[in-house]
Amino acid sequence: MATCVRRRGWTLIEVLLTLFVLFLAVIGVLVFVALRDARRSAWQLQESTQLRGIYQGMVLWAQSNQDDFPQPSLVDRAGGTLAAPEGQHARKDATRHLWSLLVYNGFFPVEMLVSAAEANPAIRVWEGYQFDRPDAAADPAKALWDPAFQALPRGAAPGNAGDGDERIGPRDVTTGSSSYAHVPMFGPRFARNLADIPPTSAVLGNRGPDWTLDERRGQRRWRLAPGAAGERSRTLLIHGRART
């Protein structure tokens with residue numbers, strides 16, 4: 001004698017509850033995507049405001065200094081801020097000294113240098129910026145900026161001209177305070193007179209990772225540099241993906 005087990009189907013209430021849960025899940029995903037996009041839009045708007053403020057500070061500096069680009073090496077000729085070795089004054093033209101020069105002279109606050117979308121936890125607003133007789137200066141009474149300010153953590157981009165030479169002024173080893181980069185103060189793209197920089201040239205922008213030219217197998221191709229400054233850099237996450 002065989003016993004038949006009757007399979008129990010879904011009731012109408014169970015079907016409705018399942019559909020309702022699926023509906024809530026879809027709504028949740030849509031809301032998450034909308035909030036994410038809204039946050040990114042807000043970040044980009046704030047980013048453009050901060051970049052505009054930094055550039056305006058550079059323009060105001062130029063207007064007060066015969067249209068000169070704010071070059072630390074030209075400002076600190078006497079070495080009151082940094083006592084550079086003979087013939088090494090150009091090493092002062094690093095991102096951290098440029099930003100610090102403008103902050104020290106009140107063209108924008110130090111908070112403006114950190115993006116709201118900054119993805120690197122080692123980049124944060126510089127605490128304890130010294131506006132009067134900075135301790136790190138060669139002669140605090142004659143200092144023109146606080147040379148202790150750091151744009152990138154030490155080792156984040158070794159050899160990067162934008163961060164300068166660690167032999168010129170003290171450097172913090174763990175944190176930095178700049179989400180942005182600027183046209184390098186050397187080479188054919190640089191114009192000492194700020195007004196002479198072509199309108200099609202980028203003067204400011206988000207900080208980017210380091211790249212290296214790969215010339216293997218007869219092909220030339222730019223690739224992200226190895227290490228934390230390139231392949232493992234988080235800078236692309238500021239407004240995009242982790243990889244190109």
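Six aromatic pairs are counted in this predicted model, where rings of Phe, Tyr and Trp (its six-membered ring) pair if their centres lie within 6.5 Å, and planes under 30 degrees apart count as stacked, over 60 as edge-to-face and the rest as tilted. One of the pairs is stacked and joins Tyr104 to Phe131, with 6.5 Å centre to centre and 15° between the planes. This pair links distant parts of the chain, 27 residues apart: Tyr104 belongs to helix α3 (residues 95-104), while Phe131 sits in the loop between α3 and β1 (180-182). Helices (H or I, at least four residues) and strands (E, at least two) are DSSP runs, numbered from the N terminus.

Tyr104 is buried, at 18% relative accessibility, whereas Phe131 is partly exposed at 46%; buried means under 20% relative accessible area, exposed over 50%, and partly exposed in between (1.4 Å probe, protein chains only). Phe131 also pairs with Tyr129, and this pair counts as tilted because the ring centres are 4.7 Å apart and the planes stand at 55°. Tyr129 is buried, with a relative accessibility of 10%. Ring pairs connect Tyr104, Tyr129 and Phe131 with Trp126 and Phe149 in a cluster.

The model is predicted: local features need pLDDT of at least 70 and side-chain atom pairs count only at pLDDT 80 or more, while totals for chains, interfaces and linings use all residues. Residues are numbered from 1 along each chain as its sequence is written, and side-chain values use heavy atoms, with hydrogens and water left out.

One salt bridge is found, defined as a side-chain nitrogen of Lys or Arg within 4 Å of a carboxyl oxygen of Asp or Glu. The partners are Lys92 and Asp76, at 2.9 Å from N to O. Both lie in the loop between α2 (72-75) and α3, and the pair, 16 residues apart, links distant parts of the chain. Lys92 is buried, with a relative accessible area of 0%, and Asp76 is buried as well, at 2%.
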